[in-house]
Amino acid sequence: MEQIRAARGFVLPHHGAMAAALPELHQAYEAMYRALTLEHRHLAPLEKEVVWLAILAACEEPVGTHHLHKFRQAGGNDALAAAVFRLAGWAAGSARYACIATHWQAQFPALPAAREYLQGCDALLQGTPLSPSLARIALIGVHTACEEMWGLGAALESAYALGVEEPLLAEAMSLAIWPRGVNRFVKATSAWLDLLRSGRVTPSPSFRAWADVAGQGAFKTPV
């Protein structure tokens, strides 16, 4: 535990419980934590902390406040935080647009629900430091964490249209593992896989190779 305190500056109660009773799990936990949250992957430091801030706000998650400090350290300011909070609040309304898309779209053919959802988000963020591309990345993290598949699909398709690189999308999705568990990540990647196979986006060669692999899905009881 003192090693963790030295590295992070704090310890949480679950560290002690694992250290006392589940040392192997504790070691694996720390390795995953470093790989997922501390080591540099694809997102720039400030981009990563924007996604973290959006996820924590959307999940109403008081644990993880060290990411508020990391957001400041990476160059985040009040104006950017305000934009992230707007985005998290807007994302909470995605279920309403999903209802329109599912049940009322035929009555409002000139108002595609996904377009309206994303244009509304962009209008809300106009004049803020949060760019449309980073807003899509943050939305992907939020919708993954909150298990909002319609909003996730809309944000993913829009991110492709904006030319956002796929590894950035994957990393944003993966951050939801920490506060919400791997099952949300599984469901999000399944929705992404469906989009890749739909023909509505053009994946890169490596992501096309992923989409072309057959037999991806839930376990089926052998007959």
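Reply: Start with a term. A salt bridge is a side-chain nitrogen of Lys or Arg within 4 Å of a carboxyl oxygen of Asp or Glu. This is a predicted model, where local features need pLDDT of at least 70, side-chain atom pairs count only at pLDDT 80 or more, and totals for chains, interfaces and linings use all residues. Residues are numbered from 1 along each chain as its sequence is written, and side-chain values use heavy atoms, with hydrogens and water left out.

Me: How many salt bridges does the structure hold?
Reply: Ten.

Me: Why do such side chains pair at all?
Reply: Opposite charges can pair when the charged atoms come close.

Me: Which residue does aspartate 78 meet in a salt bridge?
Reply: Arginine 72, at 2.5 Å from N to O.

Me: Is aspartate 78 buried or exposed?
Reply: Exposed, because its relative accessibility is 52%. The cut-offs: buried is under 20% relative accessible area, exposed is over 50%, and partly exposed is in between (1.4 Å probe, protein chains only). Arginine 72 has 47%, so it is partly exposed.

Me: What does glutamate 147 pair with?
Reply: Lysine 187, in a salt bridge of 2.7 Å, N to O. The pair links distant parts of the chain, 40 residues apart. Glutamate 147 sits in the loop between helix H9 (132-145) and helix H10 (149-161), while lysine 187 is in helix H13 (residues 182-198). Helices here are DSSP runs (H or I, at least four residues; strands are E, at least two), numbered from the N terminus.

Me: And how accessible are glutamate 147 and lysine 187?
Reply: Glutamate 147 is partly exposed at 31%. Lysine 187 is partly exposed too, at 40%.

Me: What about arginine 200, which residue is its salt bridge with?
Reply: Glutamate 157, with the closest N and O atoms 3.1 Å apart. This pair also links distant parts of the chain: arginine 200 is in the loop between H13 and helix H14 (205-212), and glutamate 157 is in helix H10, 43 residues away.

Me: New topic. Which residues form the nonpolar patch on the surface?
Reply: Trp104, Phe108 and Leu111, with about 310 Å² of accessible area together. Patch residues have over 30% relative accessible area and no salt bridge; like charges are joined within 9 Å, nonpolar side chains (Val, Leu, Ile, Met, Phe, Trp, Tyr) within 5 Å. Areas come from the Shrake-Rupley method with a 1.4 Å probe; for residues, only the protein chains shown count as cover.

Me: Where does phenylalanine 108 lie?
Reply: In the loop between helix H7 (94-104) and helix H8 (113-125). Phenylalanine 108 counts as partly exposed because its relative accessibility is 41%.
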